Each structure stands twice: as C-alpha cells, then as structure tokens.
Amino acid sequence: MAPRINARDREALRALPRLMQRKVDGALRGSVEDLRDVVGSLNQLKDVTPLLLPVFHAQLEAYPVPDGITPDVVPVIMLAKWSMGGIVQICHNLGNNISLGERIVHDAVASKWETLFPWMQFFSNNFLPPSQRPAALPHGLSVSTYEALRITIHPLSTLCQFTTTGRQLMRTNPTVQAFFFRAWVIVDGLKSDDVADPLREGDKNLSALIRANMCSLSVICMEDTPASLPVSIIASAAGGTFPMASLALRYIRRMTKEVSNMPEPRLRARENVDFSSMTVCATGLAQAILFMQSLGDREGGCQELLLQIGSIRTVLSAVTTLWERLLTPAWNSSDNEPDIGLAARRRVLYIAYRYIGYSMNCANDSALVISQALQHGLLECLLRTGSSPAERVDNTKRFDDDHDIQLLKELPRFFVFSKVLRVLHPALKRLDRVDLQERASQDPVLWEVWQAVDSAARTFTNFHELPEGAPFYRYQCCSPKCSLNFSEDVVTAYRCSGCMLTRYCSKDCQKDAWESGHRIHCRMLRSALGNQDVREIRKSLPVIAMIESWICEERVNEIRALDKDTVKTSDDDRSIVEVDLSVYPIELNMYSLREYFLVCGSHIFEREVAESITTSEESPYDVVAVKVRLGREYYSLFSPATALGLAFGWTSGIQGGRYIHEHPRAPDT
C-alpha cells in the first residue's frame, strides 16, 4: 500500500519550496532517494519542518514491520530508516525550547507511538549488536550502528524531555523499560568508532554524548516506579545481578574518562562546543551515580554488591579526576547560568557526596564504607571542592542542600569505630603533607565545620593509638590464670557464647574464668554490646569506653545540670546519662531509668544489669549508657567503661580530661 496523507496535510505542504514539493511527491510514490533528499534538507527548512511529519508517518504506516532482513523488503527498510531519521531530526532541532517542543514532540512521537515503537524495536534487534542480521546485507541496504542507535533511542529521549506522557511510559511500561535497558547494555559495549556519524566526521564527543543520554534516561526509569520491577528488568537485560552492578559502575568510569579526555574549552560559554559537551557529559556522570544509588536503594537492589565491587572508590575517583575541571570559573556570565554555570557543575560533585552519605547511612557495614572513602581521599576531596568566591555562594544558605557539608558533619560519629580510626590516622597525615588550608578556607562554612571535625578526628585517633584503646580480649586468653596470647584470627580459640566478647585458649581456661567471676560479668559485657553480636562494636569497645570516660570527665558540670532537671517517678528510681555518639557534636541526655527503657529502641541492654550497679553518692548519675549507630541501626550500650573495668580491671587512663598513663600500646591485630 502506497503512503497516503490527507488533503489538509497535503495543502499545508504547499508552503515548502517547489523543488522540495516534488521531492515529497516522489517520496510518497516510494522513492528512497527523494525521501533521503527531503531528510537531508531539514536543517535548511527550519520552521516549516513540522509540515513534513505526516509524510514520515505515512511511510511508516504504509508498510508492515518486516520479520527479518530479505532482499524484497530492502526498500521498505530504507524508507522506514529515512522516515524515522526525519522525525528524529525535527525533534533534535528543537534544542531546549520546551514551549514549542511539547506540542511538536506530541505530534511527532507521542501521538504515533504505536506506529513508531515497532520500528524502533526492529532497528534495535536487527542493526545493533548482537543483531540477527545476516553477515552480508542485501544490495541497497545501508544502516550504520549510529543510525540504528539514533532511531532506537532518540524518540524515547525527546518524549521524556518534553512530555509527561513519555516519562510516565518509561516509569511504568515493562516492555519499554526492557527495550531501553537492552540498548543501555549495548551502548556500554560500543567503542567510539562504532558510533561515528558520517555527517559529523571527527566528532570525538559523540559516543560520550550518547552515553550521557542513556544515563539520563536510566534515571527517569527509576523515578516513582514500583520497587521490584525495574531492577528485575535491568538484571534480565544485563544477564544477572552482578553484570548489572558492574555495568552501572562501568558507566560511571566511562563518563569520568570521557569528560577528562575532552579538550580544555578555549571559552567557557554556551556557544563553545567543547564546553557545552563537557557540561552535558558531566551531567550524564551525575545521572549515572544517581542511577547506581537507585539500583541499591530499591527492593531487590544490590547496594552491598556495589560496595563490594568498588562503588565508593569509583565515585571518589570521579571527584578526584574532575573536580578542578568542573570548578574552574569562566569569570563571565556563564558562571551563573542555571544549566552550565558553576552551581550546575558543582551538583555533579554533590551527587557523588550524596551517594557516599547514603551508603554510610544505609549499608550493613557503614564503618567499612567510611574506611574505604577515607582510604580513597574523601577528606582531600571535601577540602578541595569547597565553594570559591567566583560562585557567589550565600553562606547563610550553605547548609540547605549542600551534600559536602552534610557529609562532613556526619563523619565524626564514625570516629568511634576501630576500623575507621585505623585509616583515619594516615588520612590526617596525608592532609598535613598537602596543606589544603588556603583552598578550603575560601569557603568559610566548610572551613568552620572542618575545624570541628579535624579536632574530633585527632582526639579520637589519639585514643585509638593508646594501649587502653586496643581490644585486648581478642588476642589474649581471658582466663585470670592464663597469659597466652594469640592472633584474633585463630579459629581454635573458644569464644563465650554469652557475652560474645571473651576468648579462651582452651575449655579448661574458659571454665576457670567462669568460676573466677565471669559468671557475674558475662551479662554485663553482653549488655555493653547492646545485647547484639555486632563485630564492629566488639572490636571497638575499648575506644568507645575511652570516649565515654573522656566525655563524662570533660562535661561533668553539664551532666550535673541535667541531673537536677531529671524527674524521677519514685524514690527508688535511678538516673541514667546517655552519651549519644550517634550524632556530632556528641549529645548528653539524662533520663530516669524507668523512662529510658520506655523511649529506647530494640537494641538495648538488660535493665537488670543497670539496676545491679551502685555508685557513690557524689556521682551526678547512677548509670551511663552509650548510643552508637551503624547503618540504619541504633544500639544502646551499657557503659563499656564500667563493664570492661569490672570484668578485666580496665581503666581508660583519662583523669581530669587528660591521659595520664605512659606506656606503649599493645599490638592491634
């Protein structure tokens, strides 16, 4: 059936130049050459190009989508190729003109989606690798990988950019999602030469721009979508959960490399192609990080897997590689433009920091997340990427959405864990060597927060380096009659199943310890762990105890004031001071014992243990509790300093707010 258009559309075509009208007539009679010439003239026709949409639609509607590639359907495929290319070009020429674009994209794509989508699937299946097409194409058939990609992806891209219908389609339609993520997988494997455009020879940014577009579309799919649907579709397209996670990371690495390899723009302004490409690709990088976070955040997601295969290292590598290029001011009006200015480019870094903040708050082992981040230069990145005078930042609003400040403020609450403190000390030494004060102090808000964080970091790392900060019970037999030391990795050591803390070299030593007093201390030590077997709390208990002792010494007057204001429900009720290490600055809260066990969460110590402790009349409190946070969970620990002191004779070595012992620390394995 020959393509046909209605009388009104044909009358509208009279506005075209006569030569173009003749070409249109030839195209409607099935001439591939005439249709190719029509598409090739679109850039010259400018405002009248929408008049040609009925011609392109008519070509696509006139012929059924072929089942495969055979010589007899070559003319049909070529007519479809040029028609799809014409629709894509008309949409592409819209740029960012939202008001005009919504109407034209509706007419070009949305209203004809049922016609366009089967052809998009055909070109994807037959011309994108791995395709079903024969090794040698029939005579007259010419469809490059770039042309197939353009036909496959660009209609979806413009539909999402200009219409709510398109965004809703990407978020809710499983068929469209599966189609897109198949292309997402394919694009990742393509080399720059695979996506060369014959009409844009020498354009080395083309593959980067395509990947940036894929990153933006992938985020749209994950917005407001039922949790399990997209992840399962993506995993299916990628070949499994692990390949899916690896691909998500590879997109970030590729986009980082693409941006870093782009030539330095001679002029940082919108009209400069290199600068425009750089900002588009930087935005694509940010979208790739957002997409990775969405993968981990959804039901059936892979947050822990992403962390295991290097997501923190990958994100910080992107910041380290690109921060200077992104934050270099143009010192002209483009610095303040909403989509290409310094604030827009800074958002790329903020999204990277947002991912690290999300991971440290939600991962099962958040101490490991922070350790990895510190090892890969988090502190250096935060201090280097503070705002500069060129950005004209309103410091009174610096906290609102600034993920670097939020991340920096949350770091100290992890400085109570040994795993973090082991890498924090060398990280501070690296900072001392590079001296970032001049750069960081240009941002007064960042610098003020950093000084508080730096003070906490140096105080707590000092505690960790002291002998009392070592988890001695992990590498020595805890029987009072035995002095055998062993590695904490020795699997033959016996661990008490009650307190989950003490270890013994033999059953006899375990029995001796029980009879020598461990039967009394066992429940207390278990309560010091919050009644939970959390490895990081076990390994960090002496450091937590030292911080507890230090805070109670340093802020004793504040504790006395709180005790006066505490209302007890009866004469026999007792007061409990909570040292809250889950926030920074560290907070002190005072409760009656009865009230405390009503307001605290599920991970809490035994009340009987707290009631069994007696203190002197001069003490401003009866019991100390310590609150810590790992991932999403909060733990209320019975005073680690008290438990370790009574069970092992441990002392913090802190008196009057100072450390008073003078002996080297035992090895921390």
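Helices here are DSSP runs of H or I with at least four residues, numbered from the N terminus. The model is predicted, so local features need pLDDT of at least 70 and side-chain atom pairs 80 or more, while totals for chains, interfaces and linings use all residues. Residues count from 1 along each chain as its sequence is written, and side-chain values use heavy atoms, without hydrogens or water.

**Exercise 1.** Work out where Thr279 sits and whether Thr279 is buried or exposed.

*Solution.* Start with the helix: Thr279 belongs to helix 15. Next, check the cut-offs: buried means under 20% relative accessible area, exposed over 50%, and partly exposed in between, using a 1.4 Å probe on protein chains only. Thr279 has 6%, so Thr279 is buried. Finally, look for contacts, meaning heavy atoms within 4.5 Å. Skipping neighbours within four places in sequence, Thr279 is in contact with Ile340 and Arg345.

**Exercise 2.** Work out how helix 21 and helix 24 are oriented to each other.

*Solution.* First, grab the numbers: helix 21 (residues 403-410) and helix 24 (residues 444-465) pack at about 15 degrees, with axes 9 Å apart. Axes are lines fitted to C-alpha atoms over the stretch in contact, and angles run from 0 to 180 degrees between N-to-C directions. Now compare: angles under 35 degrees count as roughly parallel. So the two helices are roughly parallel.

**Exercise 3.** Find which residues of helix 21 and helix 24 meet.

*Solution.* From helix 21, take Asp404, Ile405, Leu408 and Lys409; their partners in helix 24 are Val445, Leu446, Val449, Trp450 and Val453. Sorted by type, this contact has seven nonpolar, no polar and two charged residues. Asp, Glu, Lys and Arg count as charged; Ala, Val, Leu, Ile, Met, Phe, Trp, Tyr, Cys and Pro as nonpolar; the others as polar.

Technical notes: Angles under 35 degrees count as roughly parallel, over 145 as roughly antiparallel, 65 to 115 as roughly perpendicular and the rest as oblique.
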